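I opened this model to look up its helix contacts and its salt bridges. My notes are below.

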Amino acid sequence: MHRLGRTLTVVENVVASAALAAAAALAIIAVVMRYVFNILIFWSEEAVIYLVLLSVFVGAVITLRHDEHVRVDLLPLLLKGRARLAVQVAASLLTLVYLGVIGGYGWVLLFEPAASNTVTPALKLPLWVVYFALPLGLTLMFLRMLEVLFRQLTGRDPHPEAAKTVLEAEAEGLGIHVDPEKVIDPKETRP
């Protein structure tokens, strides 16, 4: 299960960061080209939107990994021991059912004939390329939620990265060791 977690971490980080970096770079290039050289990159806005959508769907998985999703957790806070675990496992199972159903429909949508025949307005991409962000993100989240459920059932911390700083967790996921004592806090460098 540890290997799955590390592999998912690398895939999530690479896809989300690459999509967001590409969107930012393309937006900056489009603005510079328009205002400095008076050249319009007509397809850039559409491409930026699609890249941001991809980063959002995959970024939601990263948020799950760090246990940062918004949720109502009043009941688990009031319970202890096995009752608390039972509620958490039930919530994980419900989440898996939801992700499985919606993710399954996302994959079906991807293979609809309209998705193959219809193209986007500016980029002229087949629509399935744009739709791919939905099933990809939900499938990655489903796999990550399976990992959380496995950890809950085996008595391990379901979100081990939540206790670490984001820098520590992301570095560990990539196989890099970061000593939190040597990390410079930007607040401390301000005058």
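**Basis.** I note that this is a predicted model, in which local features need pLDDT of at least 70, side-chain atom pairs count only at pLDDT 80 or more, and totals for chains, interfaces and linings use all residues. Residues are numbered from 1 along each chain as its sequence is written, and side-chain values use heavy atoms, with hydrogens and water left out.

**Helix pair.** I looked up helix 1 (residues 2-36) and helix 7, whose axes come within 11 Å and cross at roughly 150°. Helices here are DSSP runs (H or I, at least four residues), numbered from the N terminus. Axes are lines fitted to C-alpha atoms over the stretch in contact, and angles run from 0 to 180 degrees between N-to-C directions. The crossing angle makes helix 1 roughly antiparallel to helix 7 (over 145 degrees counts as roughly antiparallel).

I then listed the contact (heavy atoms within 4.5 Å). Helix 1 contributes Gly5, Leu8, Thr9, Val11, Glu12 and Val15, and helix 7 contributes Leu136, Leu140, Leu143, Arg144 and Glu147. By class, I find 6 nonpolar, 2 polar and 3 charged residues in this contact. Asp, Glu, Lys and Arg count as charged, Ala, Val, Leu, Ile, Met, Phe, Trp, Tyr, Cys and Pro as nonpolar, and the others, Gly among them, as polar.

**Salt bridges.** How many salt bridges does the structure hold? I find 4, where a salt bridge is a side-chain nitrogen of Lys or Arg within 4 Å of a carboxyl oxygen of Asp or Glu.

One of them joins Arg65 and Glu12 at 2.3 Å, N to O. Arg65 lies in helix 2 (residues 44-65) and Glu12 in helix 1, so the pair ties together parts 53 residues apart in sequence. Arg65 and Glu12 are both buried (under 20% relative accessible area, with exposed over 50% and partly exposed in between, using a 1.4 Å probe and protein chains only).

Within helix 7, Glu147 pairs with Arg144, 3 residues away, at 2.5 Å between the closest N and O atoms. Glu147 is buried at 7% relative accessible area, and Arg144 is buried at 3%.

Arg151 also forms a salt bridge with Glu147, at 3.5 Å, N to O. Arg151 counts as buried at 14% relative accessibility. Salt bridges that share partners join Glu12, Arg65, Arg144, Glu147 and Arg151 into one network.

**Phe150.** Phe150 lies in helix 7 (residues 133-153). I find Phe150 partly exposed, at 32% relative accessible area.

Note on methods: Helices (H or I, at least four residues) and strands (E, at least two) are DSSP runs, numbered from the N terminus. Angles under 35 degrees count as roughly parallel, over 145 as roughly antiparallel, 65 to 115 as roughly perpendicular and the rest as oblique.
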